[in-house]
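Student: I have a new model open and would like to learn how to read it. Where do we begin?

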Amino acid sequence: MTPKKISRPQPNMLKAEWNDGFESIISLKVLRENCPCAECNEAKRESGSSNLLQTFAAGKYKISKLNQVGNYALNVEWEDGHSTGIYSWDLFRDIFEKNKLNDKDIK
Ligand SMILES: [Zn+2]
């Protein structure tokens with residue numbers, strides 16, 4: 001399954017329409033929190049430790065650019081400069097299925 005259209009219905013949301021007819025909207029925060037890169041996985045693994053300071057970087061949940069990687073994945077560049085995440089279509093679809101916003105959230 002591959003997305004045929006990706007759009008941004010709200011500044012903090014991303015919508016994907018797929019070639020099998022499925023479509024959903026998620027928040028960019030969720031997309032960032034599911035970043036599959038090594039750095040983010042490491043941070044997630046360590047987030048159980050009490051001495052880790054939770055920080056917020058400006059632009060962390062804003063996309064500056066989407067780059068398709070071959071025909072199998074999407075690379076997301078975030079406004080805080082983070083750009084190592086490669087989302088395979090399987091992962092991307094999984095995020096869109098599990099974190100689908102409902103109409104109430106979108107309005
Ligand atoms: Zn990452």
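Tutor: Begin with Gly85. Gly85 is buried, because 21 other C-beta atoms lie within 10 Å. Buried means 20 or more other C-beta atoms within 10 Å of a residue's own, exposed means 12 or fewer, and partly exposed is in between, with C-beta atoms placed from the backbone. This is a predicted model: local features need pLDDT of at least 70, side-chain atom pairs count only at pLDDT 80 or more, and totals for chains, interfaces and linings use all residues. Residues are numbered from 1 along each chain as its sequence is written.

Student: Which residues does Gly85 touch, not counting residues up to four places away in sequence?

Tutor: Contact means that two C-beta atoms, placed from the backbone, lie within 7 Å. By that rule Gly85 touches Cys35, Pro36, Cys37, Cys40, Asn75 and Val76. Arg32 is 53 residues from Gly85 along the chain, yet their C-alpha atoms are separated by 8.8 Å.

Student: Where is the place of Gly85?

Tutor: Strands (E, at least two residues) and helices (H or I, at least four) are DSSP runs, numbered from the N terminus. Gly85 sits in the loop between β5 and β6.

Student: How many bridges join β5 to β6?

Tutor: Strands pair if DSSP finds at least two bridges between them. Here β5 (residues 73–78) and β6 run antiparallel, joined by 3 bridges. Leu74 faces Tyr87 in β6.

Student: What is the order of strands in that open sheet?

Tutor: The order is β4-β5-β6, with antiparallel pairing. β4 (63–69) and β6 (86–88) are at the edges with a single partner strand each, so one side of each has no neighbour in the sheet. Angles run from 0 to 180 degrees between N-to-C directions, using axes fitted to C-alpha atoms, for helices over the stretch in contact. The twist averages 25° from one strand to the next. Helix α3 (residues 89–98) packs on this sheet, touching β5 and β6, at about 80° to β6.

Student: What about the open sheet with the order β1-β2-β3?

Tutor: That sheet has 3 strands with antiparallel pairing. β2 and β3 pair over 5 bridges. Helix α3 lies across β1, β2 and β3, at about 80° to β3.

Student: Which residues make up the largest nonpolar core?

Tutor: A nonpolar core is a set of buried Ala, Val, Leu, Ile, Met, Phe, Trp, Tyr and Cys residues joined through C-beta atoms within 7 Å. The largest has 11 residues, including Ala16, Val76, Tyr87 and Phe96. α3 gives the most, with 3 residues.
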